[in-house]
Amino acid sequence: MKNKTYWIYNKYSIISALKNPERKVLDFIVEQDKREYYEKILEENKIQKKKFKIKTVNKKLIIQKIGTLSKYQGAAILVETLKKQSFNSISSKKIKKNTILILDKINDPNNLGAIIRTCVAFGIEDLIVPKYAVPEENGYISSIASGALDTVKIYYTN
């Protein structure tokens with residue numbers, strides 16, 4: 001089964017996704033005036049552009065890809081959703097810190113993104129959520145999480 005894809009358009013989320021070795025980037029589009037900025041980010045973080053190239057496009061194309069209601073910041077990347085990690089006895093041994101966050105029935109994507117962002121602020125690296133009572137990973141959640149989606153490990157319960 002092929003993973004779902006979506007566009008990330010928040011600059012902090014883009015940078016965090018590019019740094020995440022588990023994140024598969026399929027396409028990277030950027031306006032001409034932002035290209036140098038993102039190339040510098042790639043260089044500074046030693047991010048290899050093995051499977052994607054930065055494509056210079058116009059604002060209209062980026063807005064067409066991310067949607068007119070999305071907060072536009074001059075660039076977007078097309079990514080696959082992260083592999084879902086099941087929470088079980090094996091994965092529980094990977095959790096190194098004593099502080100984890102367990103959520104139940106989070107339906108609002110805005111709330112989920114804010115909670116993920118808050119996890120980083122409090123040093124929480126692991127989040128456990130119910131598999132069927134949480135919104136699917138998407139560009140809006142990534143934008144609200146402002147880069148935290150690619151730094152907090154999310155485990156799903158059955």
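Which residues have the most contacts inside the largest nonpolar core, and how many residues does that core have? In this predicted model, the largest nonpolar core has 32 residues, and those with the most contacts inside it are Ile14, Leu18, Phe28, Ile77, Ile116 and Leu127. Isoleucine 77 shows how such a position is surrounded: when residues up to four places away in sequence are not counted, Ile77 touches Tyr6, Trp7, Ile8, Ile14, Ala17, Leu18, Val25, Asp27 and Phe28. There is also a second, separate core of 8 residues, which includes Ile29, Ile62, Ile66 and Leu78. As a general background to both, nonpolar side chains in soluble globular proteins tend to be buried together.

Serine 13 lies in helix α1, which spans residues 11-19, and serine 13 counts as buried because its relative accessibility is 1%, where the cut-off for buried is under 20%. Leaving aside neighbours within four places in sequence, serine 13 is in contact with Ile8, and also with Ser142, Ser143, Ser146, Gly147 and Asp150.

The strands come next. An open sheet is formed by 4 strands in the order β5-β8-β7-β6, with parallel pairing. Its edge strands, each pairing on one side only, are β5 (85-86) and β6 (101-102). Strand β5 is joined by 2 bridges to strand β8 (residues 153-157), and the two run parallel. Here serine 86 stands opposite tyrosine 156 in β8, and the ring of tyrosine 156 has the charged end of lysine 84 sitting over it, 4.9 Å from the ring centre.

What remains is the set of aromatic rings, of which a search of the whole structure finds 3 pairs. In one of them, the rings of tyrosine 37 and tyrosine 38 have centres 5.0 Å apart and planes at 85 degrees, so the pair is edge-to-face. Tyrosine 37 is partly exposed, with a relative accessible area of 35%, whereas tyrosine 38 counts as buried at 1% relative accessibility. Phenylalanine 87 and tyrosine 155 form another edge-to-face pair, at 6.2 Å centre to centre and with 70 degrees between the planes. Because phenylalanine 87 lies in the loop between β5 and α4 (89-92) and tyrosine 155 in strand β8, this pair ties together parts that are 68 residues apart in sequence. Phenylalanine 87 is partly exposed at 31% relative accessible area, while tyrosine 155 is buried at 2%. Ring pairs also link Phe28, Tyr37 and Tyr38 into a cluster, and Phe28 is among the residues with the most contacts inside the largest nonpolar core.

Definitions and conventions: Residues numbered from 1 in each chain as written. Predicted model: local features only at pLDDT ≥ 70, side-chain atom pairs only at ≥ 80, totals over all residues. Heavy atoms only, no water. Core = buried A, V, L, I, M, F, W, Y, C linked by side-chain atoms within 4.5 Å. Buried < 20%, exposed > 50% of the residue type's maximum accessible area, 1.4 Å probe, protein only. Contact = heavy atoms within 4.5 Å. Pairing = 2+ DSSP bridges. Phe/Tyr/Trp six-rings, centres within 6.5 Å; stacked < 30°, edge-to-face > 60°. Lys NZ or Arg CZ within 6 Å of the ring centre and 35° of its normal.
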